[in-house]
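Hello,

Here is the structure I promised to pass on to you. Please have a look at it first, and then read my notes below.

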Amino acid sequence: MKIFRWQGVLAFALIGILVAGFLFLFLDGMIERGIEEEGSKAAKTQIDIGSLTTSLLTQSITLTGIEVASPDNNMENVIQFDSLALDLDGTQAIAQKIVIDELQAQSIKLNQKRTHPAKTQKGASPTQETTGPADSGTLGLPDLGGLDMKSPAEILKSEKLETLEAGKRTKKIIADLKNKWEGKFAKDLNPKVLEETKQKLAELQKKIQGGGLTEIPQALQDFQALQKDIQSQVDRIKAMKSELQQDIQLAKQQVADLKNLPQKDFNRLKNKYSLNPEGGKNIVGALLEGPLKEKLDKAWKVYKLISPYLNKGKSPAEPVYVRGKGIDIAFAKTSPDFLVKHGNLSLVLFDTEVKGEIHDLSDNQIVYGKPAKMHFKSDKNNIFDSFALDITADKTRPQSQDTIALNIQGLNLKNTGQAELQGGSANITGQLTITDENNLQGDFKAELNAVALSIPEQKGNELANTLAQSLSTIDRINIAVGISGTIESYQFDIKSNLSDIIGKAVKNIVGDKMKNFEGDLMSAIQSQTSGVLSGANGSLSGLLGQNKILNDSNTSYSGLLGDAPVTKKGLPIPKSGLALPDGLKLPF
Amino acid sequence: MIRQILKIFKALNSNEKPWQLSLGLAFGGIIGLMPLWTPHNIALLFLAFIIQINFSLLLLGFLFFSGIAYILDPLFHQIGLAVLTSEGMQGFWNSFFSNSLFIFDRLNNTLVMGSLIFSLVSALPLFFAINLLIRKYRQHLQNLFEKVPLFKSLKLAKAFDTLSGGGS
């Protein structure tokens, strides 16, 4: 009997051909749907692909019309590509790795308006629907609406008052001190101990009055011991008193410091929100901070979304057992699971194309040993004289360091899409460093030359019109923006020569407004902080009350000491007189 | 369904060697116990195609052991996890999985490794036990079974099935 049936090979081959045929017909669609569905779930925002074509022979994939919706605005795309071609390393696919030897991304556009609203993904925060034009992502002066002063109530909603924080701290310190002393009193000034001592003293006095001569030496010893105890208790109370005084001093100092804090808060907020050009934060800061913050917050969202995928070496995902799937054990890796060796990019910025390259983009730089680098460069064209943007994501060490360096020379302001900018050019340089994917440190400078501003007149808005008039005379603007803090909480330090110019112009107009604003701000701060201040005072009174307990105890024990005086030779002299039996004299 | 049962009886009573039947069941068992779409399962299927084994029993084994695999899934995971994370074997696994082929085969997956070990260990006793049972059946029960009314009615049902258009 034959063991093998060779016709089985034919049957198997036939099944193989059928499967291959099925894949040939439907693989592209399956991958496309897979990316759209799984990618959208992972990114928590809709990802659309126009078409996808695979070629097993050349091991390549070409995608067109890729759109990634903004998680915050369902009518806007965070990024979109006209086409994306990937040349894959097929041999690496066997080891379940995606290695892209060469990538070609054409017409990358940022913050573009969508043609249809994106669906909200499961687990994503609700998106805001807007039909307005998408942000062009260009630079320029914001609306004059930025000069509207916030009301004190609005300011106090968004700002933390140092008085409140310090008040809470002070209250806690005083409460802790009070607890400490209550504990100490319960332990060291137990009223029972005082009563017992009094009783002992009375018993000893009785003993001497009613006892014989033989008991006197013993009574003498007992008196001496008791006197020692009382004396040590009095000494302890004195030491406690001194310590309590120190604590009370500390608490008093804290409360005294608190009283100055509302003024400090007022000065800080006045400088930040007042339109006074002499303040710590100038008008240009007030104008620019909002729009800059909005743009950066958007960028951080994208950054936070991407970062985990580029730093799997630092925090590998903890595998979770799922029935029917098991878990994949990761053994010592010698290469990353995802790698783009090289890519050519073309970014559309200010309606012009900027060519760029990407190198060594991997999901595990610790294993791969090279940081990811992206570089965009353009020579002179009708938008700018030169453009250079360098992005480095260095996660090769435990503490990652990502940097963005920008250098735009001769940016034609007329073509930036800002209606107010009628002409002029700008040089923008700067660098931002993000350490450990959280800590920000950056400085950017913009020098605008031969600026021609044209701000339309706003009826009934004296402030805006005065500003517009002042700005129309300016032809040179310098703006320096410093960024520091963390991604969650960062601050701007904005300086500009515009501050003085605009400041002078508005000084007269806003003078009265400022006075009212400052008065209202002070009242608002006082009403918010009065509770904390009176609370701290109340707590201090409670602590001072402890002093009385200590004084009372001291008096009681000192009184006892008076009740048990001892002669120079150590004989106790009871209060009621020396109670030795009649006719007897002590031998000393 | 009736046809499948009849096919099994037909196979049991046919001239096929007991090893062909028991190997079919053992192959079905291995394929059923392991996650279906793994390269070594496809290789096993290829072997099943070219070796003269009984396909009805392979199918039966596959269906039966797929159900068993669902129940034993946590056990397979534990076996795989224990083997793959064993302290003493880390050196071996690191060099073993430096070969991409084994990653491609998903042997680093706890379920694949656990079910592979379990199925390979249990396949041999299963093969011999089934082999012995078939021999015993043919020796003692085959003639007796042919006389059982149920078996006869199954044959009638098959005939009815064929006549009504559902038969092969």
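This is a predicted model: local features need pLDDT of at least 70, side-chain atom pairs count only at pLDDT 80 or more; totals for chains, interfaces and linings use all residues.

Let me begin with chain B. Chain B has 168 residues, and 32% of them are buried. If you take the contacts in chain B with a separation of 6 or more, 87% are between residues 24 or more positions apart.

One helix pair in chain B deserves a look. Helix 2 (residues 18-33) and helix 7 of chain B cross at roughly 155°, and their axes come within 8 Å. Because angles over 145 degrees count as roughly antiparallel, helix 2 of chain B is roughly antiparallel to helix 7 of chain B. The crossing of these two helices is right-handed. On the side of helix 2 of chain B, the residues that meet helix 7 include Trp19(B), Leu23(B), Ala26(B) and Ile30(B). Helix 7 of chain B brings, among others, Phe118(B), Leu126(B), Phe127(B) and Arg135(B). Sorted by class, this contact has 14 nonpolar, five polar and one charged residues.

Now to the place where the chains meet. Chain B gives 24 residues to the contact, and chain A gives 24 residues as well. On the chain B side, helix 3 (39-50), helix 4 (55-84), helix 5 (90-96), helix 6 (100-104) and helix 7 (110-147) each supply at least two residues. The side of chain B that touches chain A comes to 12 nonpolar, 10 polar and two charged residues.

Within this meeting of chains, you can pick out one helix pair. Helix 1 (residues 7-43) of chain A packs against helix 3 of chain B at an angle of about 140°, and the axes are 7 Å apart. That angle makes helix 1 of chain A oblique to helix 3 of chain B. Helix 1 of chain A takes part with Gly8(A), Val9(A), Ala11(A) and Phe12(A), while helix 3 of chain B takes part with Phe46(B), Phe49(B) and Ile50(B).

Strand 9 (residues 386-394) and strand 10 (residues 401-412) of chain A run antiparallel and are joined by nine bridges. These two strands form a hairpin, with six residues between them. Look for Ala388(A), which stands opposite Asn407(A) in strand 10 of chain A. Strand 10 of chain A is also joined to strand 11 (residues 421-435) of chain A, by 10 bridges, and this pair runs antiparallel. There, Leu411(A) has Ala426(A) in strand 11 as its bridge partner.

Finally, two backbone details in chain A. Most residues other than glycine have a negative phi. Gln96(A), however, has a positive phi, near 55°. You will find Gln96(A) in the loop between helix 2 (90-94) and strand 5 (98-113) of chain A. Asp436(A) likewise has a positive phi, near 55°, and lies in the loop between strand 11 and strand 12 (439-453) of chain A.

How values were computed. Residues are numbered from 1 along each chain as its sequence is written. Chains are lettered from A and ligands numbered from 1 in the order in which they are written. Two residues are in contact if their C-beta atoms, placed from the backbone, lie within 7 Å. Helices (H or I, at least four residues) and strands (E, at least two) are DSSP runs, numbered from the N terminus. Ala, Val, Leu, Ile, Met, Phe, Trp, Tyr, Cys and Pro count as nonpolar, Asp, Glu, Lys and Arg as charged, and the others, Gly among them, as polar. Axes are lines fitted to C-alpha atoms, for helices over the stretch in contact, and angles run from 0 to 180 degrees between N-to-C directions. Angles under 35 degrees count as roughly parallel, over 145 as roughly antiparallel, 65 to 115 as roughly perpendicular and the rest as oblique. Two strands pair if DSSP finds at least two bridges between them. A residue is buried if 20 or more other C-beta atoms lie within 10 Å of its own, exposed if 12 or fewer, and partly exposed in between; C-beta atoms are placed from the backbone. A crossing is left-handed if the near helix is turned anticlockwise from the far one by less than a right angle, and right-handed if clockwise.
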